[in-house]
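Please read it with the sequence and the model side by side.

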Amino acid sequence: MKISVYVASAFSKNLKGGNKAGVVFMENPLTTTQKMAIAKQLGYAETAFISASVIADYKLEYFTPKEEVDLCGHATIGAFTILMHNNKLFKDRYTIETNSGVLTITIKDGIIFMEQNKPIFYDVIASHEFIDCFDIKAIDSTYPIQIVSTGLKDILIPLQNETRLHALQPNFEKIKEISKYYNVVGMHLYTLDDNRIICRNFAPLYDINEEAATGTSNGALACYLYEQHHLQKEVYVFEQGYSLHSPSEILVKLATNSKNEIEKVYVGGKGYYCETKCLDLENIE
């Protein structure tokens, strides 16, 4: 059996760079083994599988080359980029069924925003625990290292400046060990430079040493910046992917209530169609 797989780049900056994801329309059912094999053959961080839903406009499932994950920001942006490319979008608001719940997608001026879960703040971790992961002298001790989730858990780590962020030489085996111990997807490192927020993301536990653009991580980071740095922005703009020569731009909007508590989190960006691949599933059970 041959299957068509679309490739889109999500969170691209000026229609360049971004993070590639596979997108599959499940016109016929696929087994978990087949989905995993497709994701592995493609080799991207995540592949999104789109099917019909009885509780939302679409059902989305996400697979890394290693396993299924509950949610993926860039693969969702990629999926809607392909829906747009195939002229399947006719309104500016959709709902998607995911393993993280039913989430809302809004589209305005070519920017696709996806709703995230409300933030959950977990453990604060001492910097010395990362001594074998990278040069901990680069960490900015002014702010806590904390696990935060708006759908997937990441360790958020503040660094002193952009130079030190890009100079890091990560030990991916050690990062994998700590990620497993704290049951997180990975580590999201960031630094502030005037009005810019620059990031790097390491997720070797999921066979992704470094990722060019991560929606869920930056959704969590915006909430963290709001709470810990008291940084309030109408739109948070995160830059990522420079270390991979794939510049990316992730936008985050927060909605708060009268008590200044975060009620809604929206992660967005632009995407573009890259190519269509034909995979042979004949030898996959």
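In this predicted model, Lys91 lies over the face of Tyr94, at 4.9 Å from the ring centre. Tyr94 also belongs to an aromatic cluster that it forms together with Tyr58 and Phe80, and the structure as a whole holds 10 aromatic pairs.

**Aromatic pair of Tyr6 and Phe25**

- A pair of aromatic rings is described by the distance of the centres and the angle of the planes.
- The ring centres of Tyr6 and Phe25 are 5.7 Å apart and the planes stand at 85°, and because planes over 60 degrees apart count as edge-to-face, this pair is edge-to-face.
- The two residues come from distant parts of the chain, with Tyr6 in strand S1 (residues 2-10) and Phe25 in strand S2 (residues 19-25), 19 residues apart.
- Tyr6 is buried, with a relative accessible area of 17%, and Phe25 likewise counts as buried at 17% relative accessibility.

**Charge over the ring of Phe25**

- Phe25, the edge-to-face partner of Tyr6, also has Lys88 over the face of its ring, at 5.5 Å from the ring centre.

**Helix H1 and what covers it**

- Helix H1 spans residues 32-42, and its buried residues are Gln34, Lys35, Ala37, Ile38, Ala39 and Leu42.
- The elements that cover these buried residues include S1 and S2, together with strand S3 (47-51), strand S4 (58-63) and strand S18 (271-280).
- Just after H1, Gly43 adopts a positive phi of about 80°.

Key: Residues are numbered from 1 along each chain as its sequence is written. This is a predicted model: local features need pLDDT of at least 70, side-chain atom pairs count only at pLDDT 80 or more; totals for chains, interfaces and linings use all residues. Side-chain values use heavy atoms; hydrogens and water are left out. Rings of Phe, Tyr and Trp (its six-membered ring) pair if their centres lie within 6.5 Å; planes under 30 degrees apart count as stacked, over 60 as edge-to-face and the rest as tilted. Helices (H or I, at least four residues) and strands (E, at least two) are DSSP runs, numbered from the N terminus. Buried means under 20% relative accessible area, exposed over 50%, partly exposed in between (1.4 Å probe, protein chains only). A charge sits over a ring if NZ of Lys or CZ of Arg is within 6 Å of the ring centre and within 35 degrees of the ring normal. Contact means heavy atoms within 4.5 Å.
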